[in-house]
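Biologist: I am new to this structure. Please show it to me, and then let us go through some questions.

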2 protein chains.
Amino acid sequence: MKKGHQVTMKEIAKKLGVSVSTISRALKDSPELHPETKRKIVEMAKEMNYQPNLLAQSLRISRTKTLGVIVPEITSHFFASCISGIQDHANKRGYNVMICQSNESIDQEIANIKTLVASQVDALLISLSRETNHYEHLYELYSREIPFVLFDRVHEEIPVSKVTFNDAGGAYQVTHHLLEMGCRNIVYVSGPEDLYISKKRKEGYLKALDEYGIKENPELIKISDLTEEGNIRVAQEILMMEPKPDGVFCMIDPVAVDVLTYWKSKGVKVPEEFALAGFTNNPTSAVVEPPLTTVSQPGYEMGKLAVSHLLDQLDGLASDDPISIVLDTTLVPRKSSQKTI
Amino acid sequence: MKKGHQVTMKEIAKKLGVSVSTISRALKDSPELHPETKRKIVEMAKEMNYQPNLLAQSLRISRTKTLGVIVPEITSHFFASCISGIQDHANKRGYNVMICQSNESIDQEIANIKTLVASQVDALLISLSRETNHYEHLYELYSREIPFVLFDRVHEEIPVSKVTFNDAGGAYQVTHHLLEMGCRNIVYVSGPEDLYISKKRKEGYLKALDEYGIKENPELIKISDLTEEGNIRVAQEILMMEPKPDGVFCMIDPVAVDVLTYWKSKGVKVPEEFALAGFTNNPTSAVVEPPLTTVSQPGYEMGKLAVSHLLDQLDGLASDDPISIVLDTTLVPRKSSQKTI
C-alpha cells in the first residue's frame with residue numbers, strides 16, 4: 001500500500017467479501033444490519049486505519065449548489081428532455097446544472113466525472129454510455145462519498161438510487177397492440193444484443209407473443225447496429241423474408257423511421273403490407289407519413305424524479321438508502337399500425 | 001470607491017470615453033493604436049492604480065483544460081449540433097467541455113456564467129438567450145480577462161470573436177428559389193420582430209423580392225410568437241388572405257412544420273396551393289410529407305470553428321484581437337416548394 005494512501009470503503013468491502021453498500025451502512029450504524037456484522041466491519045475499518053473522507057464530507061457541507069449531469073448524447077431528444085426536467089427542478093431548488101456528454105464512450109465518461117468532481121459539484125446524475133462495461137469509476141465515486149443517482153442507462157449492482165423505465169412493459173404494450181391489429185408474424189428489430197434495452201424490450205415482445213400462444217421464432221429477430229445503413233439493411237432483409245411478416249416492432253423510433261423511409265422509396269405500403277411501430281415517441285415519429293405508432297417515455301418526468309430524489313437525499317429529506325424508481329410508458333397508437341386485414 | 005476595490009479596464013474605459021477593447025489594446029502596447037492614445041490610457045491606468053487581473057492571468061497559466069459552453073436550449077437540434085462540434089474538437093485538443101443552458105432566460109445565463117467561472121473553466125463559448133438585452137455580465141467577463149467567444153446569437157459590440165451565419169443570405173436563397181418556382185405573392189412568417197434572425201431573414205427576403213421588381217407589402221409579413229398555437233393562427237390567417245398568396249417562407253422549420261400539419265388536416269395541398277419553405281434543416285423537415293424545402297445551417301461546423309479559434313487564442317496560435325467568422329448556408333430544395341404552375 002502506498003505511503004499516505006487513504007483506505008477506502010471499497011478496500012474494506014473486498015477484504016471482508018461484502019458489498020461497499022454493507023460497509024457504508026455498517027459505518028453509519030444502520031439498524032438494517034445484524035449487530036455482529038456491524039461489529040466485524042467496524043473492527044476491520046479500525047484495523048485498516050479507515051478514515052472517513054473528510055474532504056468529501058466538508059464539500060457536502062460547503063456546497064457549491066451545482067449539480068453535474070452526464071448523458072450519452074444531448075442530440076438525442078430523449079436525453080435533452082431528461083436534462084430539461086433535471087434543470088427546471090434543480091433551478092427551482094436553487095441549484096445550477098452543468099452537463100457533460102460521454103458520446104457513448106467510457107473513456108469520455110470517466111473524463112467527465114473527473115471534470116465535474118474537480119469543479120466541486122455537490123452531486124451527480126449519470127446515464128451510462130453504451131460502451132460502459134466496467135464500473136470502477138462509479139465505485140470510486142461511491143467510496144469517495146460523492147452522492148449520485150443513475151437514470152435510464154444504469155448499472156444494477158451499484159448501491160445508489162436508480163430511475164428507469166419499464167422497458168419490458170412498453171415493448172409488451174406495443175407488441176400486444178400489433179397482435180390486436182391482427183398481426184401474427186411480427187419481426188422485432190433489436191439493437192446490439194448486449195444492450196440493456198435490447199434485452200428488456202425483447203422480453204416484453206416475447207411475453208405478448210406468448211399470451212397469444214405464439215412461440216419465439218429466432219428468424220423473426222433482426223439485429224441492427226442502429227446506424228442508417230444497418231437499419232436499411234434490415235428493411236431490405238424483411239422484404240425478402242418467407243413467409244412475409246405482417247408486423248414490425250423496431251426497438252427505437254429512428255430505426256422505424258429509416259425502415260419506413262426506405263420502404264416508401266421502394267413503393268412498399270405501410271400499414272397495408274406491414275404494420276410498423278417504434279419506441280420512444282421522438283418528435284419525428286408524429287410527423288412522418290404515415291405517423292408512427294410508438295411508446296412514449298416521459299424523459300422530462302424521469303429527469304424531474306431523479307433530481308428531486310437526489311436533492312431530497314442531499315437535503316436530508318430522504319434516506320441515503322438507495323431506492324429504485326420505475327416509470328411506466330404509454331402506448332401511442334398512430335396510423336402506421338392500423339392494418340386493415 | 002469601495003476599500004480594496006480593484007479598478008477594471010471597464011472603469012478606465014468609462015473615464016476616458018473609449019471602448020474596453022481600446023484600453024486592452026493600449027495596455028498590451030498594440031501597434032494598432034496611436035502612440036498618443038496609448039500614452040493617455042497608460043497614464044490614466046497608473047493614476048487610477050489599475051492592477052492587471054493577476055488571478056485571471058494565473059488561471060490562464062494553471063489551466064483546468066475545461067471549457068464552458070452556454071446555449072439557450074439543448075433540446076434544439078441546431079444547438080445540440082453546435083455542442084457536438086465544440087466537444088469533438090475540444091476533446092481532440094485535450095479539453096473537456098461542460099455545458100449549461102439558459103432556457104432563454106437572462107437571469108439563468110448570468111447564473112450559468114457564475115457557475116462556470118467558479119468551476120475555473122479556461123474559457124467560454126456563449127450563445128445568448130432570446131431575453132438578453134443588456135450585456136454587463138459579458139463586459140464583466142471581458143474585463144476579468146476570461147477568454148470567450150460568442151456564436152450564433154451574438155452581441156455585435158462586445159470586442160470578442162464571433163461566429164455567425166449569413167442569415168440574410170440564406171433567406172435570400174430560399175426566397176429566390178420560391179420566385180424561380182413561379183411564386184410572386186410570397187408570405188414571410190417571422191418570429192418576434194426584435195429578434196436578430198427575424199430582422200436578418202426579412203432583409204434577405206426583401207432583397208430577393210426587390211431583384212424581381214416586387215415591392216415590400218406589409219400585409220405579406222406575418223408575425224408568430226413561435227409557439228404551436230401562434231404558428232397555427234398564422235396558418236389560418238394565410239388561408240383567409242385575399243388575394244391568395246402562392247408561396248410561404250417560414251423563418252424556422254418548426255413553424256413550417258406546424259403550418260404544414262395544420263393545412264394537411266384541413267385538406268390544403270402543398271405545394272399545389274402554396275409552395276412552402278422553412279429555414280434550419282431540422283431532421284423533421286426531411287421526413288414530413290411532402291418533405292420541406294429549407295436552408296441548411298451547419299451547426300456542427302459552427303461549433304468546430306468557434307472552439308478551434310478560441311483554443312488557438314488560448315494557445316497563442318491566433319491573435320487575441322477579435323475576429324468575425326460568417327458561415328454560409330445552403331439551400332435544400334425539396335418537394336414542398338416544387339409548385340406546378
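Modeller: A definition comes before the questions: helices (H or I, at least four residues) and strands (E, at least two) are DSSP runs, numbered from the N terminus. Keep in mind that this is a predicted model.

Biologist: Where does B:Pro243 lie?

Modeller: The peptide bond from B:Glu242 to B:Pro243 is cis, with omega near -5 degrees. Most peptide bonds are trans. As for its place, B:Pro243 sits in the loop of chain B between helix 10 (228-239) and strand 8 (247-250).

Biologist: Which residue does a cis peptide bond join to B:Val270?

Modeller: The residue asked for is in the loop between helix 11 and strand 9 (275-277) of chain B. Omega of the bond is about 10 degrees. The partner of B:Val270 is B:Pro271.

Biologist: What is phi of A:Glu145?

Modeller: A:Glu145 belongs to the loop between helix 7 (136-143) and strand 4 (148-151) of chain A. Most residues other than glycine have a negative phi. For A:Glu145 the value is positive, near 60 degrees.

Biologist: What is the area buried between chain B and chain A?

Modeller: The contact takes 29 residues from chain B and 29 residues from chain A. Carbon and sulfur atoms give 50% of the buried area. That area is about 2,300 Å².

Biologist: Which residue of chain A forms a salt bridge with B:Lys264?

Modeller: Between chain B and chain A the count is two salt bridges. In the one made by B:Lys264, the closest N and O atoms are 3.3 Å apart. Its partner is A:Glu289.

Biologist: Which helix of chain B gives the most to the side that touches chain A?

Modeller: Across the interface, 13 residue pairs are in polar contact. On chain B, helix 5 (77-92), strand 2 (96-101), helix 6 (106-118), helix 11 (253-265) and helix 12 (283-287) each supply at least two residues of the side touching chain A. That side divides into twelve nonpolar, 14 polar and three charged residues. With seven residues, the most comes from helix 5.

Biologist: How are helix 2 and helix 3 of chain A oriented to each other?

Modeller: The axes of helix 2 (residues 20-27) and helix 3 (residues 35-47) of chain A come within 9 Å and cross at roughly 90 degrees. Residues in the contact include A:Ile23 and A:Leu27 of helix 2 and A:Ile41 and A:Val42 of helix 3. By class, the contact has six nonpolar, two polar and one charged residues. The crossing angle falls in the range of 65 to 115 degrees, so these two helices of chain A are roughly perpendicular.

Biologist: How many residues apart in sequence are the parts tied together by A:Asp312 and A:Arg93?

Modeller: The side chains of A:Asp312 and A:Arg93 meet in a salt bridge, 3.0 Å from N to O. A:Asp312 lies in helix 13 (residues 299-314) of chain A, and A:Arg93 in the loop between helix 5 (77-92) and strand 2 (96-101) of chain A, so the separation of the parts tied together is 219 residues.

Notes:
Residues are numbered from 1 along each chain as its sequence is written. Chains are lettered from A and ligands numbered from 1 in the order in which they are written. This is a predicted model: local features need pLDDT of at least 70, side-chain atom pairs count only at pLDDT 80 or more; totals for chains, interfaces and linings use all residues. Side-chain values use heavy atoms; hydrogens and water are left out. Contact means heavy atoms within 4.5 Å. Buried area is the accessible area (1.4 Å probe) that two parts lose on being put together, summed over both. A salt bridge is a side-chain nitrogen of Lys or Arg within 4 Å of a carboxyl oxygen of Asp or Glu. A polar contact is a pair of N or O atoms within 3.5 Å; within protein, one must be able to donate a hydrogen and the other to accept it, and residues adjacent in sequence count only if both atoms are side-chain atoms. Ala, Val, Leu, Ile, Met, Phe, Trp, Tyr, Cys and Pro count as nonpolar, Asp, Glu, Lys and Arg as charged, and the others, Gly among them, as polar. Axes are lines fitted to C-alpha atoms, for helices over the stretch in contact, and angles run from 0 to 180 degrees between N-to-C directions. Angles under 35 degrees count as roughly parallel, over 145 as roughly antiparallel, 65 to 115 as roughly perpendicular and the rest as oblique.
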